[in-house]
Amino acid sequence: MRANPTSADVVKGSPPPWRRSSLVEAELPDNVGLLISLRWWAALGVIVVALLLKPLLRIEAPTGRLVIVGASLFLYNLVFWLVRRSVLVHAARAAAYQRFAIGQMALDWIATILLIHYSGGIESPAILFFFFHLVIACILFQPRVAAGFCAFALILVYGLAGLEYLSILPHYTLSGFMDAPLYRNGLYVVGRLLFFGFTAVFITYLVTNVARHLNKRVEQVMDLSESLQQATNQLQALNRSARAVTASLQLNKVLNLLAQNTAEVMNVRACSIRLLDPTGKKLETLVVYGLSQAYINKGPILLENSPHDRRAMEGVVVNIPDVSQSSLLQYPEWAQQEGYYSMLSAPISGKDQPFGVLRAYSEEKNHFTENDERFLAAIAAQGGIAIENAMAYQAVEELEETKSAFVRTFTHELRSPVGVIHSLLRNLTDGYAGELTALQRDLIERALRRSNFLQELIDDLLDLSVGKLQKRSAESLQVVTVKEILQRVAHRFEIPAREKSLELRFEDRDEAGSRVLATPEGLDLIFNNLISNAVKYTPTGGSVSVRLSNRDNQVCVEVEDTGIGIPEEAMPHLFTEFYRAPNAKELQDKGTGLGLAIVRDTVTRFGGSVTVQSQAGRGTRFEVVLPTTEQKTSEAA
Amino acid sequence: MNKKRILLVDDDADQRLSVRLPLEAAGYEVAEAANFDQGLEAVKRLKPDLIVLDVMMDTTTAGFQFALTLRNADAASEYAAFKNLPIVMLTAIHSTTSLRFTPDEDYLPVQTFLEKPVDPQTLLATIKHHLEG
């Protein structure tokens with residue numbers, strides 16, 4: 001094992017090689033365009049000057065030939081201008097476009113040497129044109145090409161001078177400008193050629209260097225802006241990921257999103273999240289993204305056998321640039337088999353210390369840069385907080401569930417003996433064990449009332465705990481027609497209402513027969529509690545109205561009574577478990593104080609709401625609003 | 001006149017007693033069994049006219065299994081003769097869940113469900129209904 005895996009395994013970031021020498025090439029199309037537009041003027045200039053030499057300056061020159069050179073310049077420029085676009089399209093590769101530019105340049109130079117030839121050869125003032133041509137070549141092309149052009153210029157000029165000197169080519173004397181030709185004066189020719197050659201080479205050297213420096217600077221600026229752009233992109237990705245991951249408190253969702261987002265923002269195909277198990281010796285794979293089942297099942301990850309995980313659990317980001325060369329992996333052969341050749345692992349830390357490892361896998365060696373290391377560390381840090389939050393939330397939910405399950409078991413256990421007590425006492429009051437004295441009957445009836453209350457309390461507690469237990473399992477809900485349940489429950493209270501001389505009205509204004517996502521038992525419980533309260537707390541001669549309606553795809557159930565009402569001070573506590581309003585206690589000493597808590601819990605479970613309006617002494621109106629299945633479908637669409 | 005014979009199958013002796021007294025007072029002959037096996041054995045031996053059955057005994061669903069054993073008996077079975085014996089099931093499962101266990105010909109063909117604690121008058125009326133009505 002290496003002493004320091006992080007530094008040993010780190011690969012320094014290097015920008016992609018394709019970008020290095022391409023700046024000059026990238027600008028070539030623009031420059032060639034400029035060259036073409038300049039060439040129109042050059043052609044025009046050559047023709048105009050050739051035609052004006054004699055009439056204006058009285059200089060004898062081969063006007064016809066010079067005009068032909070100008071015309072050729074014009075013609076081939078026309079061709080270049082025409083094919084320029086198609087070359088750009090067809091020659092997507094820079095090399096082809098460079099050949100196109102070199103070809104143009106070479107033609108220019110041949111035109112220039114012809115111009116020089118027809119305007120006095122070595123004596124021609126046009127010889128200076130080569131210098132700005134050279135400057136253009138140095139700017140346009142790589143130094144090597146520029147040097148080639150410099151050599152080409154020397155060959156052309158030296159060749160022309162030599163051939164004219166040896167009379168192999170004719171010499172055109174511009175009489176009136178240079179009346180005593182010097183092209184056969186050896187000293188003049190050599191001197192002029194030496195100065196020309198030296199200047200040409202020097203210009204090439206100088207301009208090439210300046211251009212190279214400028215290009216380098218431009219490239220540095222481009223690198224910088226590119227890395228800035230990359231950093232911005234990554235920050236945005238990180239931000240997106242953080243928002244997505246922290247938006248949920250469901251542990252599974254958080255983990256899946258984290259793995260997926262990490263793979264996406266790190267631009268890799270696979271990612272895994274492993275958390276330390278309770279023994280602290282093993283990492284448990286919780287979520288993977290882009291890895292095969294076989295890879296996941298390869299075997300347990302033991303910290304003592306997996307040095308890179310051990311390092312990560314110490315809080316270090318571990319970069320393995322080449323899986324085949326690293327001794328830090330517990331299962332190196334598996335990674336290669338899976339097609340992954342480099343890995344980057346970052347500690348997932350919470351408030352205290354690392355409790356897991358976030359790992360990104362790449363199919364290429366040396367994939368991860370120093371920048372990636374910082375980036376993954378940032379994702380893992382954010383993810384760690386989100387995971388911790390979700391785990392805390394899950395723990396609270398589990399605790400709540402355990403509590404409810406306990407209450408349920410406990411009340412179930414209570415229910416049976418209380419039921420038997422009730423049955424045995426009923427045997428006594430009903431006379432199955434012989435006649436009772438008045439006192440005995442009174443005592444037993446008191447005991448019976450108490451056992452009835454106990455029974456009621458137990459049943460309410462059961463309802464409450466069942467509701468809390470089912471809160472999390474939305475899948476147990478089914479489509480239920482509200483009217484059916486409400487009618488059944490209202491019917492149940494007809495006899496008790498009649499016994500109290502109450503008017504019990506059921507108004508059905510829901511022609512559509514609204515359906516909700518709920519459980520029949522739950523709805524029964526809600527309506528039963530509300531109507532039972534209304535009947536219980538409305539004095540003889542009053543009325544209880546049950547109304548069903550559908551408003552904007554919401555089903556609305558109102559239970560209104562002319563009862564004792566709810567005092568204002570009792571309103572805030574109305575839905576609290578075991579709370580009973582003082583006037584309710586006065587009227588009925590019996591009552592568990594759980595009914596409305598059950599109503600609220602159950603209504604909430606079905607995605608609805610319950611509200612209450614009341615005036616002490618006048619009456620109370622409860623309103624339950626539940627979303628219909630129609631509403632849910634339209635929301636989904 | 002021949003007394004009608006009713007078998008109580010319940011693991012709770014106090015519960016059995018609380019049911020036995022009104023039944024005997026109403027003139028029925030009452031036999032008891034404390035669990036699944038005793039219950040089946042008593043059915044064969046005593047040939048009751050009706051069974052009052054508890055849902056939760058040795059297991060939470062022992063009563064259901066008991067009813068199913070009788071109902072699903074094929075012609076060759078020793079319980080074939082009791083296939084249509086009326087069964088009144090007493091359940092401690094509270095109303096929140098009881099709706100799911102209402103008598104259903106396909107699922108569980110018992111005649112009536114009564115929720116504990118049972119009012120003696122209700123129980124008697126139910127039994128009378130099944131034996132005479």
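User: In which hand does helix 12 of chain A pass helix 1 of chain B?
Analyst: This is a predicted model. In it, helix 12 (residues 370–429) of chain A packs against helix 1 of chain B with the axes 9 Å apart. The crossing of helix 12 of chain A with helix 1 of chain B is left-handed.

User: Are helix 12 of chain A and helix 1 of chain B roughly parallel or roughly antiparallel?
Analyst: The angle between helix 12 of chain A and helix 1 of chain B is about 30°. Angles under 35 degrees count as roughly parallel. Helix 12 of chain A and helix 1 of chain B are therefore roughly parallel.

User: How many charged residues are in the contact of helix 12 of chain A with helix 1 of chain B?
Analyst: Helix 12 of chain A contributes A:Val420, A:Ser423, A:Leu424 and A:Asn427, while helix 1 of chain B contributes B:Asp14, B:Gln15, B:Ser18, B:Leu21 and B:Pro22. By class, four residues of this contact are nonpolar and four are polar, and the number of charged residues is one.

User: Which element of chain B gives the largest share of the side that touches chain A?
Analyst: Across the two chains, 17 residues of chain B are in contact with 20 residues of chain A. Two or more residues on the chain B side come from each of helix 1 (13–25) and helix 4 (95–98) of chain B. The largest share, six residues, belongs to helix 1 of chain B.

User: Across which strands does helix 12 of chain A lie?
Analyst: Helix 12 of chain A runs at about 40° to strand 5 (342–349) of chain A. The strands of chain A that helix 12 lies across are strand 4, strand 5 and strand 6.

User: Which strands stand at the edges of the six-stranded sheet of chain A?
Analyst: The sheet is open and antiparallel, with its strands in the order 3-2-1-6-5-4. Each edge strand has a single partner, so one side of each has no neighbour in the sheet. The edge strands of chain A are strand 3 (301–302) and strand 4 (318–320).

User: What is the bridge partner of A:Arg274 in strand 6 of chain A?
Analyst: Strand 1 (residues 270–276) and strand 6 (residues 354–362) of chain A run antiparallel and are joined by six bridges. In strand 6 of chain A, A:Arg274 has as its bridge partner A:Val357.

User: Is A:Asn366 buried, partly exposed or exposed?
Analyst: A:Asn366 is in the loop between strand 6 and helix 12 of chain A. Its C-alpha atom is 7.9 Å from that of A:Ile320, a residue 46 positions away along the chain. A residue is buried with 20 or more other C-beta atoms within 10 Å and exposed with 12 or fewer. With 15 other C-beta atoms within 10 Å, A:Asn366 is therefore partly exposed.

User: How many nonpolar residues are in the contact of helix 5 of chain A with helix 6 of chain A?
Analyst: Helix 5 (residues 129–140) and helix 6 (residues 143–165) of chain A pack at about 160°, and helix 5 of chain A passes helix 6 of chain A in a right-handed crossing. The residues that make the contact include A:Phe130 and A:Leu134 of helix 5 and A:Phe149 and A:Val157 of helix 6 of chain A. No polar and no charged residues take part, and the nonpolar residues number nine.

Methods
Residues numbered from 1 in each chain as written. Chains lettered and ligands numbered in written order. Predicted model: local features only at pLDDT ≥ 70, side-chain atom pairs only at ≥ 80, totals over all residues. Contact = placed C-beta atoms within 7 Å. Helix = DSSP H or I, 4+ residues; strand = E, 2+ residues; numbered from the N terminus. Axes fitted to C-alpha atoms, helices over the stretch in contact; angles between N-to-C directions. Left-handed = near helix turned anticlockwise from the far one by under 90°. Nonpolar A, V, L, I, M, F, W, Y, C, P; charged D, E, K, R; others polar. Parallel < 35°, antiparallel > 145°, perpendicular 65-115°, else oblique. Pairing = 2+ DSSP bridges.
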